[in-house]
Amino acid sequence: MNTLSWSVSDGVGQLRLIRPEKRNAQNLEMWAELRQVGYDIIRAGETRALVLSGEGPVFSAGIDLGLLMGQATGEAASLPAVEQVQHAFTWLRDAPFATVAAVHGAALGAGAQLALACDLRIFAEGTVFGLPEIDFGIFPDLGGCAWLPGLIGTARAKALIFTGDRIDAAEALRLGIANQVVPNEGLLAAATALAARLAAKAPLGIAAAK
């Protein structure tokens, strides 16, 4: 894989976005790899909890602007259907094990939606979260519009989606988007410790609770 790294140990999987030079912006290759790795992880049956994180200064800055520019100039005719792209996200929600997003730096647009696809989210202090799609004349159609209201209520979700406002980690915790806020240097350890606790629970119970 070129945009992701994957490993599993003692039932805890570590899935990492590895486009740090692009602030882990998501492109067609990343979406294809996310879909494939999700299929492979579930089929293998070794994973009982998963941590999703991002390499470099941010979790994910959203969609690669090259894709949006291509749409604007008519050069993106080969973009997959929205439903196909959504599969890169929805398997995290549908997997028969718990998924934990370790979010740092920024989670914007598609990056925010990828974090929302996970069951739980731990934010590093100083993280910025937002859905700025409205500023590009689009909306969070990769799952965010469905998942966010379930976390914070319809009115608050609409406010974030309609305005495109960005919020900090403390506000994300207050609203219920983040389950926990920790110092940046302890983020991955905290997320992995939580995933290890969840991996020790009865798999059928976790699957049923999702």
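Q: Is Thr127 buried or exposed in this predicted model?
A: Let's start with where Thr127 sits: in the loop between β6 (120–124) and β7. A residue counts as buried when its relative accessible area is under 20%. For Thr127 that area is 0%, so Thr127 is buried.

Q: Which residues does Thr127 touch, not counting residues up to four places away in sequence?
A: Contact here takes heavy atoms within 4.5 Å. With residues up to four places away in sequence left aside, the partners of Thr127 are Val103, His104, Gly105, Ala106, Ile167, Asp168 and Ala169.

Q: Which strands stand at the edges of the open sheet of three strands?
A: The strand order is β5-β7-β8, with mixed pairing. A strand with a single partner has one side left without a neighbour in the sheet, and that is why the edges belong to β5 (106–108) and β8 (166–168).

Q: In which sense do β7 and β8 pair?
A: Strands of a sheet pair through backbone hydrogen bonds, either parallel or antiparallel. Val128 stands opposite Asp168 in β8. Strand β7, residues 128–130, is joined to β8 over three bridges, and the sense is antiparallel.

Q: What angle does the direction of helix α4 make with that of β5?
A: Helix α4 covers residues 110–117 and packs on the sheet, where its contacts are with β5 and β7. The angle between the directions of α4 and β5 is about 95°.

Q: How many residues of α4 are buried?
A: Among the buried residues of this helix are Gln113, Leu114 and Leu116. Helix α4 is largely enclosed by the rest of the structure, because the number of its residues that are buried is eight of the eight.

Terms used
Residues are numbered from 1 along each chain as its sequence is written. This is a predicted model: local features need pLDDT of at least 70, side-chain atom pairs count only at pLDDT 80 or more; totals for chains, interfaces and linings use all residues. Side-chain values use heavy atoms; hydrogens and water are left out. Two strands pair if DSSP finds at least two bridges between them. Helices (H or I, at least four residues) and strands (E, at least two) are DSSP runs, numbered from the N terminus. Axes are lines fitted to C-alpha atoms, for helices over the stretch in contact, and angles run from 0 to 180 degrees between N-to-C directions. Buried means under 20% relative accessible area, exposed over 50%, partly exposed in between (1.4 Å probe, protein chains only).
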